[in-house]
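Biologist: I am new to this structure and would like to learn how to read it. Please take one feature at a time.

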Amino acid sequence: VRFRSCDGNKKIHFGSSEPEDFRVGEDGVVYAERSFQLSAEPTEFVVSAQDKETQQEWQMRVKLTPEPAVTGASEKDQRKIEEIIFPWQQYKQSSPLKRQKRDWVIPPINLPENSKGPFPQELVRIRSDRDKSLSLRYSVTGPGADQPPTGIFIINPISGQLSVTKPLDREQIASFHLRAHAVDVNGNQVENPIDIVINVIDMNDNRPEFLHQVWNGTVPEGSKPGTYVMTVTAIDADDPNAQNGMLRYRILSQAPSSPSPNMFTINNETGDIITVAAGLDREKVQQYTLIIQATDMEGNPTYGLSNTATAVIAVTDVNDNPPEFTAMTFYGEVPENRVDVIVANLTVTDKDQPHTPAWNAMYRMTGGDPTGRFTILTDPNSNDGLVTVVKPIDFETNRMFVLTVAAENQVPLAKGIQHPPQSTATVSITVIDVNESPYFVPNPKLVRQEEGLLAGSMLTTFTAQDPDRYMQQTSLRYSKLSDPANWLKIDPINGQITTTGVLDRESIYVQNNMYNATFLASDNGIPPMSGTGTLQIYLLDINDNAPQVHPKEATTCETLQPNAINITAVDPDIDPNAGPFAFELPDTPASIKRNWTIVRISGDHAQLSLRIRFLEAGIYDVPIVITDSGNPHASSTSLLKVKVCQCDLNGDCTDVDRIVGAGLGTGAIIAILLCIIILLILVLMFVVWMKRRDKERQAKQLLIDPEDDVRDNILKYDEEGGGEEDQ
């Protein structure tokens with residue numbers, strides 16, 4: 001059936017009054033919806049055409065009459081085959097009738113797909129009105145005839161009968177475009193070719209196919225009705241513009257069915273899945289499984305083909321449950337003076353998904369710790385709060401702490417949740433008293449004392465204190481831990497320190513006038529504890545050391561010029577018991593002042609020189625009296641060994657032999673003795689080697705045959721002028 005509107009732009013939807021028996025496609029083709037027997041009487045039904053925009057409707061009555069069943073040649077004779085005649089036109093002038101070619105638009109031929117035959121099946125007959133006067137030959141060209149796929153359409157060259165040779169598949173080729181030709185027996189074109197369009201009418205022979213067999217989507221818990229979840233899509237290979245390819249979706253089942261069996265709905269045309277009911281709670285149902293059905297024929301359950309897929313919808317977590325403490329009060333204990341110790345585990349419950357920001361707990365103290373001695377860390381695995389000591393606690397100061405703590409999630413609660421955002425609890429922490437080490441006061445202790453304090457003198461009292469005021473303990477015991485010079489001892493009961501030796505500031509154990517000793521104080525607690533203290537003795541200098549000359553040896557020339565010797569006074573004491581020093585020569589023996597003179601050139605230095613013009617070379621001991629500036633003064637007589645020698649013009653000694661003969665130092669004598677011993681050893685080794693060599697020679701002579709001895713084979717010839725042979 002066809003509908004033609006006046007303006008030609010109307011969008012028409014066809015309908016049937018008997019939809020269970022007959023269906024009308026969008027292209028006006030009428031189909032039988034089922035197999036049934038027609039009675040001999042005509043079957044009538046109404047086809048309606050409705051304007052999709054204005055809803056205006058037109059109706060037309062269709063009368064369907066069955067053809068009588070015929071077989072063989074009679075069927076061919078009685079079936080009326082449509083003819084397509086090559087177009088032409090007549091017009092009249094003064095001359096006889098003539099004709100002129102004109103173009104026609106040949107209506108397309110509609111051929112249902114999947115036809116069961118029999119084949120070849122006749123379609124149309126192509127003929128020319130000139131076949132009465134000429135013998136014509138007909139042919140068709142184009143895809144499906146003489147082009148791939150070839151052989152689908154054939155034509156009888158004599159009668160022009162066009163036939164199809166096998167069933168067609170619209171999903172492979174939806175239409176064929178052929179061209180019909182008419183030529184005479186000589187191959188000359190008689191008519192212009194005409195175009196023939198064969199449309200393959202779609203049949204509902206393909207089920208819908210989902211792009212995925214399993215679709216995965218998510219929806220937050222607590223979502224309101226109408227929340228978009230996901231979209232499922234199916235395709236149908238049939239004509240999408242006909243009912244065969246028009247799909248409709250629906251939900252067949254939902255598992256689980258709580259809290260409602262219809263938690264979701266689907267848009268039957270687009271496949272969009274949305275929520276339709278409230279009550280999504282991940283803590284109760286974490287996942288829904290929907291069976292989705294797609295049906296063609298616009299969802300007609302009787303005639304449409306269907307297919308199913310699975311939609312898995314995971315309910316995602318939102319923070320709709322705050323953490324809650326499992327107890328109102330937690331208890332813990334910690335030994336005093338311990339840090340980085342976990343004293344209590346705070347446990348919470350949270351119904352949200354574990355290890356997400358909506359489940360992870362954060363703890364904080366809201367009271368009871370003004371000095372910041374505790375902190376709370378979160379165990380990432382158990383979500384527990386670990387109360388940890390970060391600063392030492394003194395039992396004697398604080399015996400118990402009562403902390404107020406709060407727990408909340410990393411992210412805030414979702415809107416509309418009626419629960420409080422945090423949970424609170426108290427933590428009672430008991431401090432355990434432990435035996436602490438005694439400590440000296442002050443530490444270190446500084447004592448100023450003059451050196452020279454005799455042994456057995458009381459120096460000071462160095463005592464310690466025990467911080468454990470609530471423990472039943474006896475008094476402390478004292479002992480010496482370090483005393484480098486062994487000058488001190490301590491009373492084990494009262495800590496009184498006395499000297500066991502003379503304090504000497506000039507000792508090697510004194511650095512920068514300071515002497516350090518260490519003492520130990522021990523209690524009898526369980527376990528016993530001890531503490532150390534350092535006693536620093538600042539030694540004040542007294543004038544207990546006389547100055548000495550430096551160097552001890554010197555060299556000068558036997559003549560008056562040049563003969564100056566520079567000497568220095570050395571005193572272990574410090575100011576004011578050291579320099580400036582006084583230098584002088586003693587009165588006895590009288591030769592000292594007669595031969596020598598000394599002049600001070602600075603506070604620590606003096607110059608010794610000859611008083612006489614000439615002094616015989618040799619070694620002289622010159623006593624020098626040096627007095628310091630202490631109160632009282634300290635003086636000493638130091639011997640300066642002076643070597644007098646003959647000198648050259650430069651002032652260097654030349655009379656070395658006499659000086660050496662007169663006296664050598666200890667080092668020189670040892671060096672000379674070592675050289676002599678080495679020389680004797682070398683001589684001894686040489687003698688031994690010579691003797692061994694002589695013995696080896698004698699042994700070789702005994703091994704030689706006397707006849708081979710060249711000394712016995714010398715012949716004497718009384719001839720002169722020997723030739724080359726004699727040479």
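Modeller: Start with burial: a residue is called buried under 20% relative accessible area, exposed over 50%, and partly exposed in between, using a 1.4 Å probe and protein chains only. Phenylalanine 264, at 5% relative accessibility, is therefore buried. This is a predicted model, in which local features need pLDDT of at least 70 and side-chain atom pairs count only at pLDDT 80 or more, while totals for chains, interfaces and linings use all residues. Residues are numbered from 1 along each chain as its sequence is written, and side-chain values use heavy atoms, with hydrogens and water left out.

Biologist: How many aromatic pairs are there by the rule you use?

Modeller: Rings of Phe, Tyr and Trp (its six-membered ring) pair if their centres lie within 6.5 Å; planes under 30 degrees apart are stacked, over 60 edge-to-face, and the rest tilted. The count here is 13 aromatic pairs. In one of them, phenylalanine 264 and tyrosine 288 have ring centres 5.4 Å apart and planes at 70 degrees, so the pair is edge-to-face.

Biologist: Where do phenylalanine 264 and tyrosine 288 lie in the chain?

Modeller: Helices (H or I, at least four residues) and strands (E, at least two) are DSSP runs, numbered from the N terminus. Phenylalanine 264 belongs to strand β21 (residues 264–266) and tyrosine 288 to strand β23 (residues 287–295), so the pair links distant parts of the chain, 24 residues apart. Tyrosine 288 has a relative accessible area of 0% and is buried.

Biologist: Which kind of aromatic pair do phenylalanine 440 and tyrosine 478 form?

Modeller: That pair is tilted, with 6.1 Å from centre to centre and 55 degrees between the planes. Phenylalanine 440 is in strand β34 (residues 439–440) and tyrosine 478 in strand β38 (residues 477–482), so parts 38 residues apart in sequence are tied together. Both residues, phenylalanine 440 and tyrosine 478, are buried. One aromatic cluster is formed by Phe440, Phe462, Tyr478 and Phe519.

Biologist: What does glycine 495 touch?

Modeller: Contact means heavy atoms within 4.5 Å. Leaving out residues up to four places away in sequence, glycine 495 touches Thr460, Thr461, Phe462, Thr463, Tyr478 and Ile490. Glycine 495 sits in the loop between β39 (488–490) and β40 (496–499), and at 0% relative accessibility counts as buried. Its C-alpha atom is 5.5 Å from that of threonine 461, 34 residues away along the chain.

Biologist: What is the strand order in the open sheet of 4 strands?

Modeller: Two strands pair if DSSP finds at least two bridges between them. The order is β44-β50-β49-β46, with mixed pairing. β44 (553–557) and β46 (582–584) are at the edges with a single partner strand each, so one side of each has no neighbour in the sheet. β46 runs antiparallel to β49 (residues 618–627), and 3 bridges join them. Glutamate 584 stands opposite valine 625 in β49.

Biologist: Which cysteines does a disulfide join?

Modeller: A disulfide is a covalent bond between the sulfur atoms of two cysteines. The rule asks for a pair of cysteine sulfur atoms within 2.5 Å, and the count is 1 disulfide. Cysteine 557 is joined to cysteine 647, with S to S 1.9 Å. The torsion about their S-S bond is about -105 degrees, so the disulfide is left-handed. Cysteine 557 is buried at 4% relative accessible area, whereas cysteine 647 is partly exposed at 26%.
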